[in-house]
Amino acid sequence: GGEWGLGRLIRYLADAVPGLERIRYTTSHPRDMDDSLIEAHRDVPQLMPFLHLPVQSGSDRILAAMNRQHTAADYLRIIDRLRAARPDIALSSDFIVGFPDETNREFADTLRLIREVSFAQAYSFKYSARPGTPASGSDNQVDESIKEERLASLQQLVHAQQVACNHAKAGTVMPVLFERKGRRPGQVQGRSPYMQAVHAEAPDRLIGTVATCRITDILNNSLRAEVVTAEAASERADA
């Protein structure tokens with residue numbers, strides 16, 4: 001008969017489910033990032049250090065027009081608290097460019113927020129009218145060519161941040177959850193704690209297990225790794 005927040009649920013799952021090694025959740029909203037959830041990022045090792053937290057725009061006026069119910073400053077304060085709780089956390093977000101009446105200065109506010117946060121990845125889109133929404137009836141639609149220019153600029157910035165995030169992992173050792181066979185024979189593919197795709201030359205028996213890997217190479221959209229130790233994973237696979 002009571003209510004549980006997501007933070008409490010994550011703690012319960014981590015304690016109650018035997019062998020649970022990884023917890024992720026999506027998609028969150030800035031207003032849902034309460035103290036309990038932020039503290040779970042600090043305290044629960046099974047909760048992966050990756051968070052997709054959509055912001056959409058860096059302009060307060062555009063955020064209000066979108067009915068997002070938060071400001072750019074609100075978002076940045078949440079990011080600061082998350083990084084204080086979990087310094088290695090990687091962040092992802094959503095962005096919409098060319099919302100009706102968005103000015104060059106307001107778009108610049110979005111780029112400024114991206115530079116300040118530094119994202120590991122992001123999903124970005126040009127605004128498109130949805131029937132029945134207030135914005136779709138606006139007389140101040142942004143020209144399609146301007147939307148395309150803004151999207152290209154934003155994606156270029158985010159891509160540079162993603163590349164930097166990936167390169168920072170070169171030579172590091174991390175647990176990788178292998179999920180499937182890779183594209184090449186003898187290769188398996190998985191995910192790092194930070195949601196990066198990881199490829200390694202390893203036996204298929206590691207699929208469905210977590211193995212310790214060293215990142216050896218940075219590719220365009222993924223990491224290459226070598227398995228350092230997989231004793232625990234191999235024991236589970238043989239069980």
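Visitor: At what angle do helix H5 and helix H6 pack?
Guide: Helix H5 (residues 104-117) and helix H6 (residues 144-167) pack at an angle of about 10 degrees, with their axes 10 Å apart, where axes are lines fitted to C-alpha atoms over the stretch in contact and angles run from 0 to 180 degrees between N-to-C directions. That makes H5 roughly parallel to H6, a label for angles under 35 degrees. This is a predicted model, in which local features need pLDDT of at least 70 and side-chain atom pairs count only at pLDDT 80 or more, while totals for chains, interfaces and linings use all residues. Residues are numbered from 1 along each chain as its sequence is written, and side-chain values use heavy atoms, with hydrogens and water left out.

Visitor: Which residues of H5 make the contact?
Guide: On the H5 side they are Asn104, Phe107, Thr110, Leu111, Ile114 and Arg115, and the H6 side includes Arg150, Leu154 and Gln161, contact meaning heavy atoms within 4.5 Å.

Visitor: Now H2: which residues are buried there?
Guide: In helix H2 (residues 35-43), Leu37, Ile38, Ala40 and His41 are buried, that is, under 20% relative accessible area with a 1.4 Å probe, protein chains only. Seen down the axis of H2, these buried residues fall within an arc of 150 degrees, so they line one face of the helix; the arc is that of the directions from the helix axis to the C-beta atoms.

Visitor: What covers them?
Guide: The cover includes helix H1 (6-16), strand E1 (50-52) and helix H4 (72-85).

Visitor: And in what order do the strands close into a barrel?
Guide: The order is E4-E5-E6-E8-E7, with mixed pairing, and two strands pair if DSSP finds at least two bridges between them.

Methods:
Helix = DSSP H or I, 4+ residues; strand = E, 2+ residues; numbered from the N terminus. Buried < 20%, exposed > 50% of the residue type's maximum accessible area, 1.4 Å probe, protein only. Parallel < 35°, antiparallel > 145°, perpendicular 65-115°, else oblique.
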